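Open your viewer and get ready to click. We will go from the whole chain to single residues.

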Amino acid sequence: METRQADRPAPPASGPTYSSYLKLDAVLNAQAPLSDTHDELLFIVIHQASELWIKLCLHELSAARAAVIDDRLGAAFKMMARVARIQQQLIQSWEVLATITPADYSAMRGRLGGSSGFQSVQYRLLEYMLGNKNAAMLNAHVGDAPAQAQLTAALGKTSLYDEALRLLARRGFTIPTDRLERDFTLPYVASDGVEAAWKQVYEAPDRWWELYELAEKLVDLEYRVQLWRFGHLKTIERIIGFKRGTGGTAGVPYLAKVIDDVFFPELLSVRVAL
């Protein structure tokens with residue numbers, strides 16, 4: 001049957017092509033398995049894709065923090081909602097990785113050396129953005145001057161939650177000064193005064209609707225990070241059991257401990273106070 005003119009592909013237009021715009025030569029050739037095992041390609045692709053999703057999370061959350069600083073909460077909400085959808089992709093990726101069996105992983109593990117997701121610069125930047133400041137984590141990047149510089153800069157910046165508290169203060173709520181002006185390289189410590197401010201918001205959501213929505217967007221981010229952490233824990237438990245991690249961590253026990261880390265403590269404790 002003769003092909004209709006409308007069904008024939010058009011000749012390439014001038015300018016970038018699909019492949020050149022997306023740099024597909026670089027992207028699709030960035031996988032270099034170190035073993036001849038079938039599953040190593042899956043292992044690499046999952047982690048590379050996760051790093052790309054985290055890159056997008058950082059892009060959106062940086063812009064959301066700037067929007068909160070500028071009192072543009074509508075824009076911030078859009079970006080935070082997008083991050084929540086990205087987090088769903090990250091959570092779902094554990095389902096794919098979990099198809100690797102213990103035997104499959106053992107066949108490739110020896111080639112991984114000391115490499116570990118614990119060394120992900122972007123994931124650490126994400127934790128710093130959300131307020132989980134821990135200067136000791138820079139030790140995982142000794143010898144990598146660019147990574148250390150990037151993380152050190154992020155460590156000293158206000159987190160998204162720090163800026164949310166400053167917004168509350170600008171809106172007339174009483175926020176303890178030591179929570180507004182502090183050493184931002186240190187972990188955030190929960191405050192009764194901050195909880196009292198959020199309690200006012202939650203008790204009158206119609207009056208403080210924007211702040212109420214901001215609080216719930218933050219809770220949603222934390223909820224999904226915790227789901228991601230739990231998925232990580234159960235996937236590692238399923239694949240390697242209680243062996244130590246390749247990066248020298250305790251493996252499953254370390255991941256179980258991390259689940260207890262909280263980003264926005266007063267947004268959880270206020271639920272008890274209501």
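**Before you start.** This is a predicted model, where local features need pLDDT of at least 70, side-chain atom pairs count only at pLDDT 80 or more, and totals for chains, interfaces and linings use all residues. Residues are numbered from 1 along each chain as its sequence is written, and side-chain values use heavy atoms, with hydrogens and water left out.

**Stop 1: the whole protein.** Switch to a cartoon view. The protein has 13 helices and 0 strands. Helices (H or I, at least four residues) and strands (E, at least two) are DSSP runs, numbered from the N terminus. Zoom out. The C-alpha atoms fill a box of roughly 70 × 55 × 35 Å along the principal axes.

Now show the surface. How much of the protein is buried? Of its 274 residues, 41% are buried. Buried means under 20% relative accessible area, exposed over 50%, and partly exposed in between (1.4 Å probe, protein chains only).

**Stop 2: the largest pocket.** Select His47, Ser116, Gly117, Phe118 and His232. Of the 45 residues lining the largest pocket, these are the closest to its centre. The pocket holds about 1200 Å³ of space. A pocket here is an open set of points on a 1 Å grid over the protein atoms alone, where a 1.4 Å probe fits, with protein on both sides within 12 Å along at least five of seven lines; lining residues have an atom within 4 Å of a point. The volume is the space filled by probe spheres set on the points, which are joined across faces, edges and corners.

Next, colour α3 (40-69). Helix α3 gives the most to this lining, with 9 residues. Other elements giving two or more residues include α4 (73-97) and α11 (209-240).

**Stop 3: Lys23.** Most residues other than glycine have a negative phi. Select Lys23, in the loop between α1 (18-21) and α2 (24-28). Lys23 is not a glycine, yet has a positive phi of about 55°. Is Lys23 buried or exposed? Lys23 counts as exposed, at 55% relative accessibility.

**Stop 4: Asp71.** Move to the loop between α3 and α4, where Asp71 sits. Asp71 also has a positive phi, about 60°, although it is not a glycine. Asp71 is partly exposed, with a relative accessible area of 37%.
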